[in-house]
Amino acid sequence: MILALILGPAAAGALAFVLRADWLRRGLLVAAAMAHAGMTGYAWVHRPAPALGGWLELDATGLLFLSITSLLFLAAAFYGVSYLAHESHGVRKDFEENLFFSNAPEQVFTGCLLLFLATMTLVTASQHFGLLWVAVEATTLASSPLIYFHRHHRSLEATWKYLLICSVGIALALLGNFLLAVAAGQAGRHVPIVAADLVRHATQMNVPWLKAAFLFFLVGYGTKMGLAPLHTWLPDAHSEAPSAVSALLSGALLNCAFLGILRIQQVLAAAGQGVFGQELLLVFGLASMAVAAVFLVSQADYKRMLAYSSVEHMGILAAGIGIGGTASFGAMLHAVNHSIAKAMLFFVAGNILAAYKTKATGEVRGVLGVLPVSGVLWLAGFLAITGSPPFGLFLSELTIIRAAVEQGHVATAVAFVALLAVIFVGMAGVVISMAQGTPPETTVRPRRETVLSVGPAIVLGLLVLGMGLYVPPAVREAVQKAAATTGLGDNSSYGHGRHGDAETRGRGEAATTIAGAAVPHTTTTTTTARAEARTSNMATAIMWSRAGGRKHGYERRDHGTQATAAEGF
Amino acid sequence: MNVWIDALIVLVVLTNLKLLGSSRLVPCIRILALQGVVLGLLPLVAGVEPITVRMVIVAAVSIGLKGAVLPWLLMRALRGADVRREIEPLVSYGMSLLIGMAALPGALWIGSRLPLPDPRVSSLLVPTALFTMMVGMFLIVSRKKALTQVLGYLAIENGVYAIGMALAQEQPLLVEMGILLDVFAAVFVMGITLFRISREFDNIDTDEMALLKD
């Protein structure tokens, strides 16, 4: 079934290139999206068997990210049909510079969109690092024609930057693959670089090579994920692509790159070196949030504003994993929430763009009057994305902040909250002035809002609202499992080596209780106890390793991993 | 046997220096093709492991792709763009060569500090691979023509490939083929984009693409 999930959209994509009738091609797009979503939904009930000898397998993390991708694609397919129906064919005038341009053929657009889905599915299902690399590079190639849908020189510039920066970045991740193979080669000549095998043999891996591999993976996939200062392609690509594509890039593609980093972090954690990765992720995460905050304040282009907001949220994900413990749980939950909210905002931004014919925030006024439904959604989406209650992002951001405070990362928590506040104020100014006021008479040509143009955004908006009020048990369990693989070891014992074992245990307990409190329906006692044991064990192992020093490098690695492995990673 | 390997490795270094010092684009494409062919041949003549059918297949596909298909794609893009030379690079050719000469000992030094997992592999291979990657990166940041940037990307890819050859044990065939397919698709898409750029801007200078910024 995993193969069907990948090959289905790929076949549909190939077919879309040759279908000439518009209605047939659009029908195919929606049908393929629905079939993909249906199969993904079924995978929750009945986990599909591994394929290709374990290279393709949907574990908890993979299934979670696949579900986000599939959901957003379904929404984007419906939205895209209405979008394509309104995009005029032939040559037309560019509203920014009054030059003439035409769109890419719809066949190419639909075909690449479906291939994009196939490659993203392959990313989420790949357990082999080599295959994962191939899939991530393939997503770049499948999506670059989508960015160049409007054939004018601004989108061409964005496409070129995207292609070149991401390809070079991902070439570095390939180097990471080779270094990982060397690290694994020390464990035995025939350990394949499949995540599960590496985790099993993590104790015998060569630590310096493994760390070097992590660095290259972080830079490579971090470029694709949009972590500052590697994010330079992101605002251009997101602002120039059609809105349905922007939603997919931001909500699904960035997560796929994040998954690549999570997989190597999983191996690193199993080798007892989780803290090394977590520290780096924390630094990159906070840097991304800071850079995003700088550019979000008084941003003059509302699609670029949403793009920088994506940089911010990728930073939050990285920082969450970096803090560790319950913050990892928060980060995984945040990945789900951010994707839904951001896709919704891009869909609404597309509607605004279609009505006002400008991306400049200064020229858009009175959206509430011109597009009543989109205007309300625009405000609701703004509240959701900035983490206001009762939306899902509030819950996940709160979980991360509380975990940071509980673990003694007070400075991190303060910086985190301060950046969120700056971003809230920065975005509020832009969004509210767009929603209110009197629309400029000359430029506005109101268009009726159809079910297809606002429907997907409404559904996503209700979903992210629902995620704030009640997280379904199945989702919570999947998020917990996904967070557990990244190394529940809380980062706090690092740099605070003085903490005793009892204290660490207490802190672990507290952290777990917070997770229970933050999420409705507390976890069962057994889970709490196990999580507690795992947290304290990891922390002990890390502290022990700190004490061990360089001389006992080999021993300390063994110790750390045994403690981790004993918990059944 | 070792003499041959070292000779091939030195040839790779020379192709890199030529890439740094040449202003004409067509010879640059040819020299990069040569580099790809040499790197494809290396595993066959290295004699570290007995030659298997698998190795021959990978080498053949790799040589065919980097020696023939990619140069052909790039030549086509070049004809469409109607440019022959890189004029006014951001860093002059003499300076580029000097930087290259300075980077070479750096690469040798880093390479000498990395412990090789397999002692039978020539100790020159990793430094050469690193040097190739450095040259690729330098080409991307110091040249204006979009085509030269693609050449830089390919040089980086060659360097990574060579490091993989020196360090890693054999990758599974499916993964090797996937990687080569991706490289092909990347150059294919970049070639199309190049063609579009030349149509849209009347040239392929990337410094004219500076509209999108904050």
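**Note on the two-chain model**

1. At 35% relative accessibility, K357(A) counts as partly exposed. The scale is simple: buried means under 20% relative accessible area, exposed over 50%, and partly exposed in between (1.4 Å probe, protein chains only). K357(A) is found in the loop between α13 and α14 of chain A. Its phi is near 60°, a positive value in a residue other than glycine. Helices here (H or I, at least four residues) are DSSP runs, as are strands (E, at least two), numbered from the N terminus.

2. Some ground rules. This is a predicted model, where local features need pLDDT of at least 70, side-chain atom pairs count only at pLDDT 80 or more, and totals for chains, interfaces and linings use all residues. Residues are numbered from 1 along each chain as its sequence is written, chains are lettered from A and ligands numbered from 1 in the order in which they are written, and side-chain values use heavy atoms, leaving out hydrogens and water.

3. How confident is the predictor? The complex has an ipTM of 0.93 and a pTM of 0.88. The mean pLDDT of chain B is 87, and 98% of its residues reach 70 or more. pLDDT is the predictor's confidence in each residue, from 0 to 100. Where pLDDT is low, the predicted coordinates should not be read in detail.

4. Now the interface. In chain A, 46 residues are in contact (heavy atoms within 4.5 Å) with 43 residues of chain B. The two chains bury about 3900 Å² between them, 73% of it on carbon and sulfur atoms. Buried area is the accessible area (1.4 Å probe) that two parts lose on being put together, summed over both. E157(A), W160(A) and F178(A) supply 19% of the area that chain A buries against chain B, more than any other three residues.

5. Which helices of chain A each supply at least two residues of the side that touches chain B? They are α5 (129-147), α6 (153-185), α9 (233-240) and α12 (302-323). The largest share, 20 residues, comes from α6(A).

6. Zero salt bridges are counted between chain A and chain B. A salt bridge needs a side-chain nitrogen of Lys or Arg within 4 Å of a carboxyl oxygen of Asp or Glu. Three residue pairs are in polar contact across the interface, both residues at pLDDT 80 or more. A polar contact is a pair of N or O atoms within 3.5 Å; within protein, one must be able to donate a hydrogen and the other to accept it, and residues adjacent in sequence count only if both atoms are side-chain atoms.

7. Look next at K359(A), in the loop between α13 (326-356) and α14 (367-370) of chain A. K359(A) is buried, with a relative accessible area of 7%. Its side chain reaches the backbone oxygen of S239(A) at 3.0 Å. A polar contact of 3.2 Å also joins the side chains of K359(A) and E240(A).

8. A183(A) lies in helix α6 of chain A. It is buried, at 0% relative accessible area. Beyond its neighbours within four places in sequence, A183(A) is in contact with M205(A), N206(A), W209(A) and L210(A).

9. Finally, check the backbone. The peptide bond from A228(A) to P229(A) is cis, with omega near 0°. A cis peptide bond also joins P389(A) and P390(A), with omega about 5°. L52(A) is not a glycine, yet has a positive phi of about 50°.
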